[in-house]
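Open the model in your viewer and keep the selection tool ready. This tour moves from one selection to the next.

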Amino acid sequence: MTTAVRSRTALLTLAEVCEELAVSRSTFYDWRAKHRAPRCIKLPNGDLRIRRLDLDHWLDDREDAA
């Protein structure tokens, strides 16, 4: 698998996503409760993961049309 394909299918931890977006964990959970967060995968242990591709699409959808 190439690095480009692997990085697009990578699963990010909640900490990584919050750091990238510069928001707190509680803000992310608030967005998630309001169905405004990127799509998440809930693991059997309760941890959340976010696909890199889903985060990128979510960010693209919020881009301001200038």
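Select residues 41-42, which are strand 2, together with strand 3. In this predicted model, the two strands pair in the antiparallel sense over 2 bridges. Look for Ile41: this residue stands opposite Arg49 in strand 3.

Now show the link between the strands. Strand 2 and strand 3 form a hairpin, with 5 residues between them. Stop at Gly46 in the turn, where phi is positive, about 95°.

Pick Thr13: its bridge partner in strand 3 is Arg49. So which residues stand across from Arg49 in the two pairings? Thr13 is its bridge partner, and Ile41 stands opposite.

Stay on strand 3, residues 48-51, and show side chains. Which residues lie on the covered face, and which on the uncovered one? Leu48 and Ile50 make up the covered face. Arg49 and Arg51 make up the uncovered face.

Move on to the helices. Select helix 2, residues 14-21, and helix 4, residues 52-61. Their axes come within 12 Å and cross at roughly 30°. An angle under 35 degrees counts as roughly parallel, so helix 2 is roughly parallel to helix 4. The crossing is right-handed.

Finally, show the side chains where these helices touch. From helix 2, pick Val17, Glu20 and Leu21. They meet Arg52, Leu55, Trp58 and Leu59 in helix 4. By class, this contact has 5 nonpolar residues, 2 charged ones and no polar ones.

Key
Residues numbered from 1 in each chain as written. Predicted model: local features only at pLDDT ≥ 70, side-chain atom pairs only at ≥ 80, totals over all residues. Heavy atoms only, no water. Buried < 20%, exposed > 50% of the residue type's maximum accessible area, 1.4 Å probe, protein only. Helix = DSSP H or I, 4+ residues; strand = E, 2+ residues; numbered from the N terminus. Pairing = 2+ DSSP bridges. Axes fitted to C-alpha atoms, helices over the stretch in contact; angles between N-to-C directions. Parallel < 35°, antiparallel > 145°, perpendicular 65-115°, else oblique. Left-handed = near helix turned anticlockwise from the far one by under 90°. Contact = heavy atoms within 4.5 Å. Nonpolar A, V, L, I, M, F, W, Y, C, P; charged D, E, K, R; others polar.
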